[in-house]
Amino acid sequence: MSGWFISEIFQQPHWREDTAGHANYADIEWDVVLDPQDALPLTVLEEFIPQQHWRPQGSGTQIRSEALDKLERLWSEHIDRIPAPPPQPPVPRGAPRQGWMRDPVLRKKVEDAAQDRLMKHYAKEGWEVVDTRYGNSFDARATKGNEVIYLEAKGTVTSGQSVIVTRGEVDWALNHPGQCVLGVLSDIRVTEDGAVDPNSGTFRLYRWEPRDDDLDPRAYGWTPSAPM
């Protein structure tokens, strides 16, 4: 399975009826759930990503930042080989809130389209832009002279009135006031064969200055005000 935590850790009575006390819990929103017989084998993980420890003697382990890109790619390729489940209705284009795409391959294409649009915009404005999306709480760093800004990209097939942002992204923006920009590529068009139209969508830039009244705790969902 793969998914996102959508809550903080909380305690409730232990799940084993014969055990006293409390246990730790967290709410998770799954994007992919496979039959156990279709699981990605540990032997494959160990062969292709040997720098990661894959056999934790506990309830889990954190994936190393240098392994994230390989794991996402390996997982997407694995899912692609599994017979598709019955189709689920997608989040409609034009809907106000960004929904979590259940297809990891399509989700990656949408995210990449937004990232590409944002980086090209600043490159054309004379900034030196470096892709930093893996292992960081921002997607790119743009430099011009002594000025540095941190770029965050969000892509969605919805109208983009509200987009999903992570706690790490929020914390980075709060710790770097005046240095963060969020680019939203909304109303992205997906063709019938699952390709993303790179010329579609509406691109907007926002000062990435999250405030409590702009956020609601999903991952978060951020509702931006006026564009830059």
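**Strands, helices and surface**

Colleague: Which residue in E9 stands opposite Tyr150?

Modeller: This is a predicted model, in which local features need pLDDT of at least 70, side-chain atom pairs count only at pLDDT 80 or more, and totals for chains, interfaces and linings use all residues. Residues are numbered from 1 along each chain as its sequence is written, and side-chain values use heavy atoms, leaving out hydrogens and water. Strands E7 and E9 (residues 180-186) pair in the parallel sense over 6 bridges; two strands pair if DSSP finds at least two bridges between them. In E9, the residue opposite Tyr150 is Cys180.

Colleague: How many helices and strands are there in the protein?

Modeller: Helices (H or I, at least four residues) and strands (E, at least two) are DSSP runs, numbered from the N terminus. On that basis, the protein has 4 helices and 12 strands.

Colleague: What is the bridge partner of Lys144 in E7?

Modeller: Strand E6 (residues 140-144) pairs with E7 in the antiparallel sense over 5 bridges. The two form a hairpin with 2 residues between them, and Gly145 in the turn has a positive phi of about 65°. Arg141 has Tyr150 as its bridge partner in E7, while the partner of Lys144 is Glu147.

Colleague: How many of the residues of strand E7 are buried?

Modeller: Buried means under 20% relative accessible area, exposed over 50%, and partly exposed in between (1.4 Å probe, protein chains only). Across the 228 residues of the protein, 35% count as buried. Strand E7 (residues 147-155) is mostly covered, and the number of its 9 residues that are buried is 7.

Colleague: Why is Glu152 counted as buried, and what is its relative accessible area?

Modeller: Glu152 sits in strand E7. Beyond residues up to four places away in sequence, Glu152 touches several others, among them Leu118, Phe138, Glu169, Val181 and Trp208; contact means heavy atoms within 4.5 Å. Glu152 counts as buried because its relative accessible area is 2%.

Colleague: Within what arc do the buried residues of H4 fall, seen down its axis?

Modeller: The buried residues of helix H4 (residues 167-175) are Glu169, Val170 and Ala173. They line one face of the helix, because seen down its axis they fall within an arc of 100°. That arc is taken from the directions from the helix axis to the C-beta atoms. An α-helix has 3.6 residues a turn, so residues three or four places apart point the same way. The arc, then, is 100°.

Colleague: What distance separates the C-alpha atoms of Val110 and Asp197?

Modeller: Val110 belongs to helix H3 (residues 104-124) and, at 2% relative accessibility, counts as buried. Although Val110 and Asp197 are 87 residues apart along the chain, their C-alpha atoms are separated by 9.3 Å.

Colleague: Is Trp30 buried, exposed or partly exposed?

Modeller: Trp30 is in strand E4 (residues 28-32). Its relative accessibility is 35%, so Trp30 counts as partly exposed.
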